Structure formats: C-alpha cells, structure tokens
Amino acid sequence: MDKDSKYKKLFSKNLNYYMTLKNKTQTDIINDLDINKSAISSWCNGTRLPRMNKVQLLADYLNINVSDLIEGSCDNNNYFEFISEDDSMYPILDIGDIALIYKQNVIDKTDNKNKGTYLIKLNGKNTIRKFVLDKEKNVYQLIAKNTCCKTIDIPADNLYDTVQIIGKVVKAENESAFK
C-alpha cells in the first residue's frame, strides 16, 4: 500500500471514529456544514482526502484538533502538520498556511519522474521547494512557486551536504501543486 493510500485509510478511520464518538452521521455533516454528499462519503470510505481547509472545518465541527484527524498509528505516526514559515511557494502556500508532511530524510527514488515537493532545511531555515532532477541526473533544481525566489541548482552528489530533507509534502490547500 502506498503512502497516499495509507493516509486515506488513516484519515477515514479517524473521521469515522470521531463521528461515532460525537454521535454525528454523514447526513449531519452534509446538512450542518453544506458538504457535498459524495465528498463526505469518499472521505469516510477512504477513497479521497479533503483539502486542509475542510479538515479544519471538520475538526472544528467535531470539537477536536486537526491532528486528531490526520495523525495516528499509520507508519508509526510519520505524518505531521507544518505551518509554512516563508512564502517560497506563494500563491499555493503562504506564510501561516498548513501543509501535511510525510517524514522522510531522503528524496523518494521510487518516484520515476525524479521530482517531488519537500520540506527542507536550507541555510538554517525551513522552506518548501519542488525538487526536479535534470535529464542527466547530475543536478537537482530546487524550485519555488514564488517568482521572487530564485531556483537553486545543487549537484546531485552534494545534495545532502547542502540541504536537510525533513519530509515530503503530501497535502496542502492546493494539492495539485505538489504532484
């Protein structure tokens, strides 16, 4: 099972648990929060994930913390929320916006496209950047969405000397940016 499927399963389990605990049904959520029937159904059965603003809405409605819905016993709790500290991914992710991170300290080599969006420590500061490996597989480009931030080229064999990988972004307000 891939990480995304595990996270969907974990979220579904947590959502169903708290709905039962708080005596709420899918119909209650549809009516009270004006959530689409197919959306809540797909969240409850683990086939889709809500955007982070919907996760916050559900948490507020159920009177729980966001972490209660997104954390748990999946992969020894390898997921965590990160509150963006800079605007490198603006307009996708601004300062104070929340991204869901899967803890890992290396680039995911199983992704045959040799790219992904990661939370890293660069020059002593946390930032999120899209990583793209060039065709020759010699240089990683660290790309920011914000055009005010320049692309950083790092030789592939020096990557881990230059940046500390904290984790891979798996969910944020605009998830399409992180594919």
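**Entry 1: nonpolar cores.** I began with the largest nonpolar core, which has 27 residues, and noted that Phe 11, Leu 15, Leu 58 and Leu 69 touch the most other members. I took a nonpolar core as a set of buried Ala, Val, Leu, Ile, Met, Phe, Trp, Tyr and Cys residues joined through side-chain atoms within 4.5 Å. Buried means under 20% relative accessible area, exposed over 50%, and partly exposed in between, with a 1.4 Å probe and protein chains only. At least two residues of this core come from each of helix 1 (3–21), helix 2 (26–33), helix 3 (37–44), helix 4 (52–62), helix 5 (66–70) and strand 2 (98–103). Helices (H or I, at least four residues) and strands (E, at least two) are DSSP runs, numbered from the N terminus. Apart from this core I found another, of 12 residues, including Tyr 118, Leu 122, Leu 133 and Leu 159.

**Entry 2: basis of the values.** The model is predicted; local features need pLDDT of at least 70, side-chain atom pairs count only at pLDDT 80 or more, and totals for chains, interfaces and linings use all residues. Residues are numbered from 1 along each chain as its sequence is written, and side-chain values use heavy atoms, with hydrogens and water left out.

**Entry 3: Phe 11.** Leaving aside residues up to four places away in sequence, Phe 11 touches Trp 43, Leu 49, Pro 50, Val 55, Leu 58, Leu 69 and Ile 70.

**Entry 4: strand pairing.** I then followed strand 2. Strand 1 (residues 79–83) runs antiparallel to strand 2 and is joined to it by 5 bridges; two strands pair if DSSP finds at least two bridges between them. Within this pairing, Phe 80 has Ile 101 of strand 2 as its bridge partner. Strand 2 also pairs with strand 7 (residues 163–172), in the antiparallel sense and over 5 bridges. There, Lys 103 stands opposite Gly 167 of strand 7.

**Entry 5: Asn 146.** I located Asn 146 in the loop between strand 5 (139–143) and strand 6 (152–155). Is Asn 146 buried or exposed? Asn 146 counts as buried because its relative accessibility is 8%. Not counting residues up to four places away in sequence, Asn 146 touches Asp 87, Ser 88, Met 89 and Tyr 90.

**Entry 6: whole chain.** I recorded 6 helices and 7 strands, in the sequence order α-α-α-α-α-β-β-β-β-β-β-α-β. Of the 179 residues, 42% are buried. Among contacts with a separation of 6 or more, 56% are between residues 24 or more positions apart.

Note on methods:
Contact means heavy atoms within 4.5 Å.
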